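Okay, thanks for coming, everyone.

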Amino acid sequence: MYLSIFQELKIYVVNFTELSRDALYIYAGLVLFFIVAFFHHPQLKSKWAILAVVVVAIAAELLDARNDLIKHGYWRVGASMHDMINTIFWPLLIWLMARFRVWKGYQAMTFAISMHDEVDEEEVLKIYRANHWSSAQKPAQLMAVLHHSHSLVTARQVVVYFPHLLVHPNFQKLGGD
């Protein structure tokens, strides 16, 4: 009976780990995804991470198809689709959730808080506009008020002016530690 090196490797891994083939495809997809994501920016939304999983899944199934053609005389397309779904499903779901910020509220937040930093007009206007505050329409007056205020706290994602507390919408409701 003909077995390619790839098939022999899969059989060895199944026997060694005592996991089902389905579980191995799932784990292989996840491990590859996390490794590539870690080395590419370390971000789960890395397009290279999901692309690597898809390319490896297709390549593995082409090797399986070659083996099927030699061994059976036909390609078991259903089995290949099953294996590709097992390999790609969880990495794709994680990638989509990261890409479309489903976990937005669980981002680690760190801020360098200071009572002595200078703020530039562009930074201030950006956060005021993001919060739709009309003060952004009068930049000279706004900057004068901020520069002459009793307290101005910066956290380099947040500009705080008492009595106003403005937080950029991307960082609202995140519950910073």
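When I say contact, I mean heavy atoms within 4.5 Å. Helices here are DSSP runs of H or I, at least four residues, and strands are E runs, at least two, numbered from the N terminus.

Quick housekeeping. This is a predicted model, so to speak of local features we need pLDDT of at least 70, and side-chain atom pairs count only at pLDDT 80 or more, while totals for chains, interfaces and linings use all residues. Residues are numbered from 1 along each chain as its sequence is written, and side-chain values use heavy atoms, with hydrogens and water left out.

Let's start with helix 3 and helix 4. They pack at about 175°, axes 9 Å apart; axes are lines fitted to C-alpha atoms, for helices over the stretch in contact, and angles run from 0 to 180 degrees between N-to-C directions. That makes the two helices roughly antiparallel, on a scale where under 35 degrees is roughly parallel, over 145 roughly antiparallel, 65 to 115 roughly perpendicular and the rest oblique. From helix 3 you get residues including Ile50, Val54 and Ile58, meeting a helix 4 set that includes Met84, Ile88 and Leu92. By class, that contact has eleven nonpolar, two polar and four charged residues. Nonpolar is Ala, Val, Leu, Ile, Met, Phe, Trp, Tyr, Cys and Pro; charged is Asp, Glu, Lys and Arg; the others, Gly among them, are polar.

Now, at what angle do helix 2 and helix 4 pack? About 40°, with the axes 8 Å apart, so this pair is oblique.

Helix 1 and helix 2 cross at roughly 100°, axes within 10 Å, so they're roughly perpendicular. Lys10, Val13, Val14 and Thr17 of helix 1 touch Arg21, Leu24 and Tyr25 of helix 2.

Last, the largest pocket: about 330 Å³ of space. A pocket, on a 1 Å grid over the protein atoms alone with a 1.4 Å probe, is an open set of points with protein on both sides within 12 Å along at least five of seven lines, and lining residues have an atom within 4 Å of a point. Of its 19 lining residues, Phe6, Lys10, Leu24, Tyr25 and Ala28 are the closest to the centre. Helix 2 gives the most to that lining, six residues.

Notes: Grid points are joined across faces, edges and corners, and a volume is the space filled by probe spheres set on the points.
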